Amino acid sequence: YIEKPISHQREIYEIEAGKALIESLPPIPLALLFVTALLEQKIVFSSSRRSLLLSISLALRKLLNPFRWSHLFVPLVPEELAQDLVQYPAPFILGISSGSRGSMDLLNSLPDEVTLVDLDVGRVILAKSFSHNFEVFKVKSDEKETVTALRSQVLYLAEALGGYLASQQADQTWLCDSPISNITRDILPNRLGGDGEVETGCASKEDFLAVSKTCKEFIYELISGANTCCFWIEEEILSDVNTPFPQDISKSDLQCDVLFDEDRYFHLKNLRAQGLYKPLFDEKHYFAENNPKNKSEAEDTFALENNAELAISPDNFDLVLEMFLRGQGFSLFISSWKKEAMTFW
């Protein structure tokens with residue numbers, strides 16, 4: 001491992017971290033964790049194994065590509081800082097060891113807006129409330145009713161997505177609690193991966209790649225067509241009132257903003273859920289050419305095929321979609337596009 005190039009070492013570690021993630025969480029709790037992170041909520045991992053906290057935190061962040069987790073991220077929280085960090089007002093991903101009495105007391109008394117992921121048991125306890133300003137939501141109703149409806153939508157979505165994740169994984173993962181698969185692991189503790197390397201444990205490299213592909217396809221469904229909802233606006237700002245000619249205005253004097261048409265976005269999601277909307281462009285090529293930061297990542301993200309099974313309807317998940325649109329990850333993602341990537345500019 002040490003003798004391999006740094007890039008290869010990183011790839012190997014990401015695969016191993018991903019395998020640890022799907023070994024620790026069954027498909028539906030894993031889907032619930034993914035949706036919660038995608039909505040940029042407060043997440044606390046707990047485990048008695050510190051190495052597992054680090055690996056799974058990094059694996060979750062990897063599943064969010066092409067989005068970036070731009071909030072507080074501390075995979076291994078020192079016990080002295082844990083009490084303060086769980087009160088942090090913005091979204092976070094924290095890893096807290098459950099190996100001490102003080103940590104257990106803290107994990108049993110987390111704030112209501114924190115989602116707890118118990119890796120030793122393999123469960124995800126969804127937060128009772130969400131860290132979001134519900135006043136900006138289009139749905140005008142009591143905040144308590146909105147939170148209840150949003151929790152129901154998140155749980156329903158996690159159940160559906162988790163079932164799909166399970167169908168994409170290998171039998172050894174889906175049947176890991178069956179007597180047959182346990183006997184198989186006892187007889188054959190090691191197996192060869194797709195690249196000929198020996199793999200250990202219940203999950204394989206192919207299992208994690210299947211989960212990663214499904215997560216990318218789901219994100220693709222969320223952002224597909226979003227470029228047609230973007231309006232690039234350039235406003236000329238006169239820094240010198242004595243400048244008589246517009247051509248004397250430099251690029252630094254232009255203020256650029258991106259406006260997003262949410263009504264059109266919800267209309268497109270409705271069409272996609274009904275199987276009626278098809279992309280107007282070859283999105284693999286289109287976004288790769290207009291993503292200034294990472295063309296290869298853009299190609300990898302948008303090369304995925306249209307998957308109608310992962311399309312979600314605003315009729316059933318309107319609050320989930322609204323929270324997704326108001327996340328910082330989505331804002332940063334569309335802000336990274338060139339103006340040529342947007343239909344209206």
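**Entry 1: the cores**

I began with the largest nonpolar core, which has 70 residues. A nonpolar core here is a set of buried Ala, Val, Leu, Ile, Met, Phe, Trp, Tyr and Cys residues joined through side-chain atoms within 4.5 Å. I noted the terms for burial as well: buried is under 20% relative accessible area, exposed is over 50%, and partly exposed is in between, with a 1.4 Å probe and protein chains only. The members that touch the most other members are L33, F34, L38, F45, V154, F218 and F324.

Before going on, I wrote down that this is a predicted model, where local features need pLDDT of at least 70, side-chain atom pairs count only at pLDDT 80 or more, and totals for chains, interfaces and linings use all residues. Residues are numbered from 1 along each chain as its sequence is written, and side-chain values use heavy atoms, with hydrogens and water left out.

What does F218 touch, not counting residues up to four places away in sequence? I found F34, L38, L157, L161, L310 and I312, where contact means heavy atoms within 4.5 Å. There is also a second, separate core of 14 residues, and V44, L94, I96 and L106 are among them.

**Entry 2: strand 1 and its sheet**

Next I looked up strand 1, residues 42-47. Helices (H or I, at least four residues) and strands (E, at least two) are DSSP runs, numbered from the N terminus. Is strand 1 largely enclosed or left open? Six of its six residues are buried, so strand 1 is largely enclosed by the rest of the structure. I checked both faces: K42, V44 and S46 are buried on one side, and I43, F45 and S47 are buried on the other.

Then I went through the partners of strand 1. Two strands pair if DSSP finds at least two bridges between them. Strand 1 runs parallel to strand 4 (residues 114-118), and five bridges join them. Across that pairing, V44 stands opposite L116 and S46 stands opposite D118. Strand 3 (residues 92-97) also pairs with strand 1 in the parallel sense, over five bridges, and there V44 stands opposite L94.

The whole sheet is open, with five strands in the order 2-3-1-4-5 and mixed pairing. Why is one side of strand 2 (72-74) and of strand 5 (123-125) left without a neighbour in the sheet? Both stand at the edges, each with a single partner strand, so one side of each has no neighbour there. On average, neighbouring strands of this sheet are turned by 20° against each other, direction ignored.

Two helices that pack on the sheet went into my notes too. Helix 2 (residues 27-38) touches strand 1, strand 4 and strand 5, and its direction makes about 140° with that of strand 1. Helix 3 (residues 50-63) touches strand 1, strand 2 and strand 3, at about 145° to the direction of strand 1. For these angles, axes are lines fitted to C-alpha atoms (for helices over the stretch in contact), and the values run from 0 to 180 degrees between N-to-C directions.

I picked L107, which is in helix 5 (residues 101-107). L107 has 8% relative accessibility, so it counts as buried. Leaving out residues up to four places away in sequence, L107 touches V44, S46, I96, S98 and L116. L107 and S46 are 61 residues apart along the chain, yet their C-alpha atoms are separated by 7.8 Å.

My other pick was T214 in helix 9 (residues 205-223). T214 is at 2% relative accessibility and therefore counts as buried. Leaving aside neighbours within four places in sequence, T214 is in contact with L161, Y164, L165, Q168 and L310.

**Entry 3: rings**

Last, I looked at the aromatic rings. Rings of Phe, Tyr and Trp (its six-membered ring) pair if their centres lie within 6.5 Å; planes under 30 degrees apart count as stacked, over 60 as edge-to-face and the rest as tilted. How many aromatic pairs does this rule give? The count is nine.

F260 and F330 are an edge-to-face pair, 5.3 Å centre to centre with 85° between the planes. This pair links distant parts of the chain, as F260 is in strand 9 (residues 254-260) and F330 is in helix 14 (residues 328-335), 70 residues apart. F260 counts as partly exposed at 22% relative accessibility, whereas F330 counts as buried at 3%. F330 also forms a tilted pair with F324, at 5.1 Å centre to centre and 50° between the planes.
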